[in-house]
Amino acid sequence: KNEGDRIKIVQVLHYVTPVEYRPSNNESTAKAGEVSFDSRCADCTKCFKDAGALLQHCQMSGHKPVYAAADEADKGSEPVPSALEVFTAYVNLALERALSERLARWGTEYIDPTNMTEPVDKSGKSLGVRVYEAFSCQFGPLKSAAGGAPRLALTVDLRAKISRTLSVMDYLVDGGDPNSYNPSFQEQERCRRQWIGEVVINMHDKKCYSVTDLIFDHSAASMPVSGLGMSHAEYFEKRKNIKLKYPNFKPLIAVLGRANQVVYFPAEL
């Protein structure tokens, strides 16, 4: 039996296109008794260039077109025009989920962790940074120059995100020996102020994580993984096939993982 919250559905509303996006009286609309649909199939992911190809596909497969929302309203369920703000928030949420399936989130932008460049100086030496293309996407209403109904428009901004190629451990030791790193309490607090809230990229899974804390009391060898009966160093070696070079290095890096759960990474990763 699963423990969790329960909800009771008390009302279902059939929302249709916001009134702001509906064509004016001067624009072409479907005549009384006609049914409007676009070129998509409602039962699969196919889209067609004209109505003939769509109807032929539906006839052969038993599928049906995507009808206008008002044409599919159940009897006794009066369609309700959605508020423009609610509709915009809904499509942006759908866009956010779609982007998350293909890209990694970095702040308010999305990046492809596998597509990056490492700039070099004139002598060919690496500058120690990685540059990622970042995308910021958002739906919003676009007013028509002709004075008709506004259209839903997608705005895409292309930006750049920069990540250092050195690990957190490299920055902490600052060229010193990781085996002899033993910061004072004041230095630990300074490091926390510097790193908490920063976004880092794991060097192995290429995913972005937000740093929530630096755990100076534990290393990967001393911090157990909850419920597995092994340390983090053993977990990375046995489960991820990653043998740490400095398993006793402190601190561990606390980051936000799935469902905002705190997970711990060795500083060398």
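Strand E9 (residues 199-201) runs antiparallel to E10, and three bridges join the two. The structure is a predicted model.

**Strand pairing around E10**

- E9 and E10 make up a hairpin with six residues between them. In its turn, lysine 206 has a positive phi of about 60 degrees.
- E10 also pairs with strand E13 (residues 252-256), in the antiparallel sense and over four bridges.
- In that pairing, valine 211 stands opposite valine 255 in E13.

**Aromatic pairs**

- The count of aromatic pairs comes to six.
- One of them joins tyrosine 171 and tryptophan 195: the ring centres are 5.9 Å apart and the planes stand at 55 degrees, so the pair is tilted.
- Because tyrosine 171 lies in helix H3 (residues 168-173) and tryptophan 195 in helix H4 (residues 185-195), this pair ties together parts that are 24 residues apart in sequence.
- Tyrosine 171 is partly exposed, at a relative accessible area of 25%, whereas tryptophan 195 counts as buried at 12% relative accessibility.
- Tyrosine 209 and phenylalanine 265 form an edge-to-face pair, with 5.0 Å from centre to centre and 70 degrees between the planes.
- Tyrosine 209 belongs to strand E10 (residues 208-215) and phenylalanine 265 to strand E14 (residues 262-266), so the pair ties together parts that are 56 residues apart in sequence.
- Tyrosine 209 is buried, with a relative accessible area of 11%, and phenylalanine 265 is buried as well, with 15%.
- Ring pairs link Tyr209, Tyr235, Phe236 and Phe265 into a cluster.

**Threonine 88**

- Threonine 88 is located in helix H2 (residues 84-102) and counts as buried, at 14% relative accessibility.
- Its side chain reaches the backbone oxygen of leucine 84 at 2.8 Å.
- When neighbours within four places in sequence are left aside, threonine 88 is in contact with Tyr21, Phe139 and Gly140.

**Serine 126**

- Serine 126 is located in the loop between strand E6 (109-117) and strand E7 (129-142).
- With 38% relative accessibility, serine 126 counts as partly exposed.
- Residues up to four places away in sequence not counted, serine 126 touches Glu118, Pro119 and Val120.
- Serine 126 and threonine 165 are 39 residues apart in sequence, and their C-alpha atoms are 9.5 Å apart in space.

- The peptide bond from lysine 250 to proline 251 is cis, with omega near 20 degrees.
- Proline 251 has its place in the loop between helix H5 (232-238) and E13.
- Asparagine 241 also has its place in the loop between H5 and E13. Its phi is near 60 degrees, a positive value in a residue other than glycine.
- Asparagine 241 is exposed, with a relative accessible area of 71%.
- Alanine 259 is found in the loop between E13 and E14. Although alanine 259 is not a glycine, its phi is positive, at about 55 degrees.
- The relative accessible area of alanine 259 is 72%, and the residue is exposed.

Technical notes:
Residues numbered from 1 in each chain as written. Predicted model: local features only at pLDDT ≥ 70, side-chain atom pairs only at ≥ 80, totals over all residues. Heavy atoms only, no water. Phe/Tyr/Trp six-rings, centres within 6.5 Å; stacked < 30°, edge-to-face > 60°. Buried < 20%, exposed > 50% of the residue type's maximum accessible area, 1.4 Å probe, protein only. Polar contact = N/O pair within 3.5 Å; in protein donor to acceptor, adjacent residues only side chain to side chain. Contact = heavy atoms within 4.5 Å. Pairing = 2+ DSSP bridges.
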